[in-house]
Amino acid sequence: MKKTIITASLCIITSNLFAQTEKNIDLKPDQQSDQSVKKDNDKDFEQWIKENKVPNVGLGIIRNGKIEKIKVYGTLMKGNAAPENTLFNVASLTKPMTAIVVLKLVSAGKWNLDESLDKYWTDPDIAQDPRNKKLTTRIILSHQTGFPNWRSMNADGKLNFQFDPGTKYQYSGEGFEYLRRALEKKFNKTLNQLAEELIFRPLKMNDTSYIWNEKKDVIRFSEGYDKDGKMYETVKTETSNAADDLMTTVSDYSQFLISVMNGDGLSKKVFKDMKTSQVTTKQGKSFGLGFEIYDLGDGNIALSHSGADKGVQTLFVIIPKTKDGIVIFTNVDDGYKVYEKLLTEYLGNYGRKVIDIETK
């Protein structure tokens, strides 16, 4: 059964999320250079997450377009130290992966950002609503479909329009799933197969998949927990979900983000559109195509996304101009407690600016 997303993107996180960080966090001065890397003390951080009851933290640091650090803190279920290649369910960090699959197809001239999707797919729930013809890939990737996050949130369990597509922002996993069905109809391939061809194999992301692999995944998987230490049942997806449940490692996802910052496989126009605001979500923040955009000032931006399910809290922030970035995976409901500490530690003023925008 599909899980209900607790928090689907950073924009949904409540305004006091970062303020909930534990008081014993030792924040670094704001004067820290944005380009410098802070060499954190792994032993101290291990102790910090133990005290704050965060079982696993996966950390990836990107500097000047290269992976500088990959580290997974904590232990796995059987008490063994979590390896560097620990597998995480990254919840809504799935969406940027799906977005890049689509944008690569657009760049190759095989898909159209602004074509109505009714040519390939129409959901039976909205077949009689003429507004289905307004649904385009651009509208979906920027969360302007008018759909709820999930149809299961409606009393009748059916998909519906809550406003006209393209008129305003509302985060929706249903939109991405709608897009997946259209893609799979046109190309006669699963989303996982398309991602394998366009992203996973070219980038040698051997530990990334939309689908659970029982033989491979069970040994290295970071099980999810609630804040009281109770383990959730593992979600083992058998079909691709465009919005949720991607399985990956910190290293694989960091490599993916480097490719994103480089614009690999994207035309200049598509790359520009991806980083351009399509709809404002709050002051200083908007959605582009599959990525949230933070206005850092002086014409500089950060691209970001977060994810949350039961026992999952994940986040990345990348700075295209400097090609710096951070990837944070955690496996507990309140894993967001580590965000402020790590953003300020590794992204300096840029990290602080993201936090300031989020907590306004």
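Which residue just after α1 takes a positive phi? In this predicted model, that residue is Lys 53, with a phi of about 55°.

**View 1. Helix α1 and its buried side.** Helix α1 spans residues 42-51, and its buried residues are Phe 45, Trp 48 and Ile 49. These three lie on the same side of α1, because they cover an arc of only 90° around the axis. The exposed residues Lys 43 and Lys 50 are carried on the face turned away from this buried side. Among the elements that cover the buried residues of α1 are β1, β2 and α9 (339-358).

**View 2. The hairpin of strands β1 and β2.** Strand β1 (residues 56-63) and strand β2 (residues 66-74) run antiparallel and are joined by eight bridges. Gly 58 has Val 72 in β2 as its bridge partner. Two residues stand between the strands of this hairpin, where Asn 64 takes a positive phi near 55°.

**View 3. The packing of helices α2 and α5.** Helix α2 covers residues 94-107 and helix α5 covers residues 191-200; their axes are 10 Å apart. The angle between these helices is about 70°, and α2 and α5 are therefore roughly perpendicular to each other.

**View 4. Residues at the contact of α2 with α5.** On the α2 side, the contact is formed by Met 97, Thr 98, Ile 100, Val 101, Lys 104 and Leu 105. These residues meet Leu 191, Leu 194, Ala 195, Leu 198, Ile 199 and Phe 200 of α5. Classed by residue type, the contact of α2 with α5 has 10 nonpolar residues, one polar and one charged.

How values were computed. Residues numbered from 1 in each chain as written. Predicted model: local features only at pLDDT ≥ 70, side-chain atom pairs only at ≥ 80, totals over all residues. Heavy atoms only, no water. Axes fitted to C-alpha atoms, helices over the stretch in contact; angles between N-to-C directions. Helix = DSSP H or I, 4+ residues; strand = E, 2+ residues; numbered from the N terminus. Parallel < 35°, antiparallel > 145°, perpendicular 65-115°, else oblique. Contact = heavy atoms within 4.5 Å. Nonpolar A, V, L, I, M, F, W, Y, C, P; charged D, E, K, R; others polar. Pairing = 2+ DSSP bridges. Buried < 20%, exposed > 50% of the residue type's maximum accessible area, 1.4 Å probe, protein only. Arc of directions from axis to C-beta.
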